[in-house]
Structures are given as C-alpha cells and as structure tokens.
Amino acid sequence: MLREILEGFEDVVVIEGPVKKELEVTRYLLKYRDRPVLFKDVEGWQVAGNIWSTRERIATYLGLSRDELLHFISDAMENPSPYRTVEKAPFLKNSTEDFSLRELPVPKYYPNCGGQYFTSAMVIAKDKDFVNVSFHRIMVRDEKTGAIRLVPRHLYAMWKEKAEREEELDVRIVVGNPVHLLLAGATSVAYGISELEIASRMSEKAFGRPLEVVNLGGIPVPVESEFVFEAKITPELVDEGPFVDITGTYDHVRKQPLVVFERMYHVDEPIFHALLPGGYEHFMLMGLPKEPQIYASVKRVVPKVHGVRLTEGGAMWLHAVVSITKQHDGDGKNAILAAFAGHPSLKHVVVVDEDINIYDDREVEWAIATRFQADRDLVIVPKARGSSLDPSAEKSLTTKWGIDATKPLERKRDFERARV
C-alpha cells in the first residue's frame with residue numbers, strides 16, 4: 001500500500017495545508033522534482049507524487065543496487081511467473097456507484113491541458129485467457145466519462161475488435177500501485193504474455209512471494225491497488241487533449257475512445273497517485289523498461305555490454321548511453337545501430353568504454369571530448385521512423401545520430417585517464 005511505502009522513505013515532503021488539484025499540485029511536484037511529495041488535503045483527498053522519481057529509490061525498495069535494475073526488469077520480462085488469486089483485497093471495503101470523477105483528486109497539471117487527467121492509471125483487460133495491463137492517460141470529460149488515449153498496441157487491438165462489432169470492452173482501471181506493478185505495466189512484450197505475470201516475477205524476486213490478485217467480475221485486479229474502477233471502453237470517439245507528454249511539450253488533440261466509469265472501489269483513507277507529466281517519475285516508469293530492450297539488442301552484436309542508460313536530459317526516451325568493451329574497431333558503430341533497433345523511438349545514442357560511468361553526465365561528455373572525432377565516429381541515419389513524442393520530428397520521421405566515443409583499439413594507451 002502507498003502509505004506503508006511512503007513511510008519507508010526518509011525524504012518525503014509532506015504538505016499539510018489545503019492544495020488545489022488544478023495546477024497547484026503541479027507546482028509542488030516541480031519544486032521537489034526528485035523527492036516524494038505527500039499532500040494531506042487536495043480538496044478533501046490525500047495525493048502523492050514523485051514517489052518513484054529516482055533510480056536509487058526504486059532500486060532500494062526492490063532490494064537492489066542501481067546497476068541491478070536493468071537485469072531485474074529483463075529477467076521478469078523473459079521469465080514471467082503465475083500470480084495468485086485470493087478472496088480479499090483492502091479496496092473491496094469501499095464500493096460505490098455514487099461518485100463523480102470531477103470531485104476526485106484528479107489533477108489538471110498544466111494550463112493548456114484539455115482537463116483533469118488520470119496519468120498513473122493502468123488499464124486491465126481480458127481476452128479469453130490473456131490478461132493485458134498497460135498505462136493509458138485518461139482525460140476527465142464529466143462526472144462519469146473520460147477520453148482514453150490508445151496507441152496501436154495490445155489494448156487498442158482488444159478495443160478495436162469489440163468496436164468493429166459495436167460492442168464495449170469491459171476493463172478495470174487501477175490507480176496507486178507499487179513500483180513492480182508500474183514497471184510491469186510499462187513493458188512492451190508479445191501479445192499473450194501478461195504484464196501481471198511479469199509483475200509476479202518481480203514480486204517473487206524482490207519480496208519472495210507471487211503477485212496477489214482478486215477476481216473482479218472475471219478480471220484479475222492486484223490487491224495492492226488504492227483505487228479500482230469498473231469501466232467500459234466504448235466504440236464512440238471523442239476529443240482527447242491537449243496533454244503534456246514525456247518531453248514536456250503539448251501533444252495535440254485527437255479523436256480517442258470514450259470510457260465510461262461505472263463503479264469505484266478504494267482502500268480506507270486512500271492515496272491518489274499523481275504522476276506528473278514530463279516529471280522524473282514519468283521518465284523512470286516509461287524509460288526503465290526500455291533499457292533491457294536496448295541492452296538485449298546491443299548484446300546480439302557486441303558480446304560485452306556493461307550497461308544502458310536512457311538519460312534524464314533526453315526525457316529517458318530519446319537519448320541513451322551504452323557501455324561496451326570493444327573486441328573490434330567497428331563494435332562502437334554496430335552498438336549504435338543495434339541500440340536504435342532495440343528502442344525505435346531512440347534519437348541519439350553515445351557509446352562509451354567500460355571505464356566511463358554512464359550515470360555521470362560529466363564522464364560521458366569527457367569521453368566525447370577526448371575520444372570522439374565527428375568525421376570518423378559520427379553515425380547519421382536520416383529520415384528514420386522515430387518517436388511521435390518528438391516535436392522536432394516531421395510525421396514521426398527523424399534523423400538519428402550516434403556518437404562512438406570509444407577508444408581506437410590500436411591506440412588504447414593514448415586515451416587512458418591518469419589515475420592515482
């Protein structure tokens with residue numbers, strides 16, 4: 001539960017006084033970008049944000065070092081394990097159809113946003129034996145409806161099949177979950193592999209127990225959720241947006257499915273998770289699950305890969321640093337191309353040697369300054385498919401570029417740093 005999680009952190013900022021959900025929550029979350037913030041009174045509700053805003057906090061909660069996170073997530077994606085169905089969950093204590101989305105502590109984050117937005121919500125849907133869990137922003141439209149952003153992935157395919165028959169897709173929407181559930185919900189795996197099973201593998205490795213769920217109308221829901229909504233995604237399309245996405249710029253208005261909220265459940269004294277768009281927590285939850293994909297792709301062409309980091313300066317989406325040990329002089333360039341293949345939204349990558357700390361921007365820049373020549377070590381891939389979130393791209397076409405900041409093998413000694 002979020003309350004117990006927050007009590008385990010020493011750096012939580014507690015805001016006692018009343019705070020408005022429109023813009024004021026954002027101001028505090030921006031002020032304390034890398035510290036958890038607990039709001040005791042957001043128009044009568046408790047709210048928390050920036051909970052998972054650093055790698056170190058995520059790793060510590062899971063009993064890991066920072067460097068182990070990549071392999072922990074990778075293992076869960078490759079070895080999903082069954083979850084356990086139980087009879088009870090704390091959120092089942094409070095159930096009602098008499099609620100208004102307008103009155104919940106759903107923030108309006110930025111002045112030009114289309115309205116209040118669920119940003120930490122994960123949607124659970126079931127197709128026969130397959131259970132899909134994924135993040136989707138939802139713009140509140142009125143007391144019981146919202147517009148849900150669906151990109152052409154698994155939930156979109158499930159909704160599309162129903163919509164073509166003029167049917168609604170039954171879903172459960174959960175808010176306020178531990179980080180292993182959030183990381184699992186942000187992974188990209190093949191259709192048929194359930195993110196609940198990925199979360200269960202993380203739970204087993206971190207806490208020695210499988211993920212527990214309850215059966216809520218035929219759909220499994222994690223027992224650790226703070227808020228749960230029974231809802232239906234309809235065939236009807238409505239305006240969604242504008243919305244500030246991970247790059248900190250406004251995404252445009254588009255037609256998206258209408259979602260109808262029917263019943264709300266919540267724990268006693270619930271805490272609503274406000275995930276700041278374009279904030280560090282957004283970076284972590286969206287970016288960390290992509291690092292294992294880049295790692296696996298690079299490792300196919302370079303045997304010794306030591307680490308991958310999507311950088312905060314690149315919104316943990318567009319820029320990366322990869323550490324390798326070269327065996328051949330072309331390995332740096334091969335690593336660049338493989339990184340782009342592993343994360344197609346990637347726009348810029350720097351490849352460095354194993355003696356460079358990829359988590360230290362000064363060391364990475366030093367490697368570029370002393371080991372890189374543009375006419376020799378720069379890789380440019382024009383007009384490649386990139387990220388729709390990049391405002392500089394044209395129709396999602398972007399010029400990708402990589403920097404090989406590794407030492408030439410035949411002159412390695414000339415590039416060694418002086419050490420004591």
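This tour moves through the structure one selection at a time and says what is found at each stop.

The model is predicted, so local features need pLDDT of at least 70 and side-chain atom pairs count only at pLDDT 80 or more, while totals for chains, interfaces and linings use all residues. Residues are numbered from 1 along each chain as its sequence is written, and side-chain values use heavy atoms, with hydrogens and water left out.

**Helix α2**

Select residues 24-31, which make up helix α2; helices here are DSSP runs of H or I with at least four residues, strands are runs of E with at least two, and both are numbered from the N terminus. The buried residues of this helix are Val 25, Thr 26 and Leu 29, where buried means under 20% relative accessible area, exposed means over 50% and partly exposed lies in between, with a 1.4 Å probe and protein chains only. Looking down the axis of α2, you will find these buried residues within an arc of 95 degrees, so they line one face of the helix; the arc is that of the directions from the helix axis to the C-beta atoms. They pack against β2 (37-42) and β3 (45-49), whereas the face turned away from the buried side carries the exposed residues Arg 27 and Lys 31.

**Strand β11**

Next select Arg 172, which lies in strand β11 (residues 169-175) and is buried, with a relative accessible area of 3%. Its side chain reaches the backbone oxygen of Leu 216 at 3.0 Å. Setting aside residues up to four places away in sequence, Arg 172 touches a set of residues that includes Met 122, Leu 216, Gly 217 and Val 221, contact being heavy atoms within 4.5 Å.

Val 171 also lies in strand β11 and is buried, with a relative accessible area of 0%. The C-alpha atoms of Val 171 and Ile 219 are separated by 7.6 Å, although the two residues are 48 apart along the chain. Leaving aside neighbours within four places in sequence, Val 171 is in contact with residues including Ala 125, Ile 219, Lys 232 and Ile 233.

**An open sheet**

Now display the three strands that form an open sheet in the order β4-β12-β13, with mixed pairing; two strands pair if DSSP finds at least two bridges between them. Strands β4 (84-86) and β13 (219-222) stand at the edges, each with a single partner strand, so one side of each is left without a neighbour in the sheet. Four bridges join β12 (residues 212-216) to β13, and these strands run antiparallel; Asn 215 stands opposite Pro 220 in β13.

**Aromatic pairs**

A search of the whole structure finds 17 aromatic pairs, in which rings of Phe, Tyr and Trp (its six-membered ring) have centres within 6.5 Å, with planes under 30 degrees apart counted as stacked, over 60 as edge-to-face and the rest as tilted. Select Phe 118 and Phe 261, whose ring centres are 5.6 Å apart and whose planes are at 20 degrees, so the pair is stacked. This pair links distant parts of the chain, with Phe 118 in strand β6 (residues 117-118) and Phe 261 in strand β17 (residues 254-266), 143 residues apart. Phe 118 and Phe 261 are buried, and they belong to one aromatic cluster, whose members include Trp 45, Phe 99 and Phe 272.

Technical notes
Polar contact = N/O pair within 3.5 Å; in protein donor to acceptor, adjacent residues only side chain to side chain.
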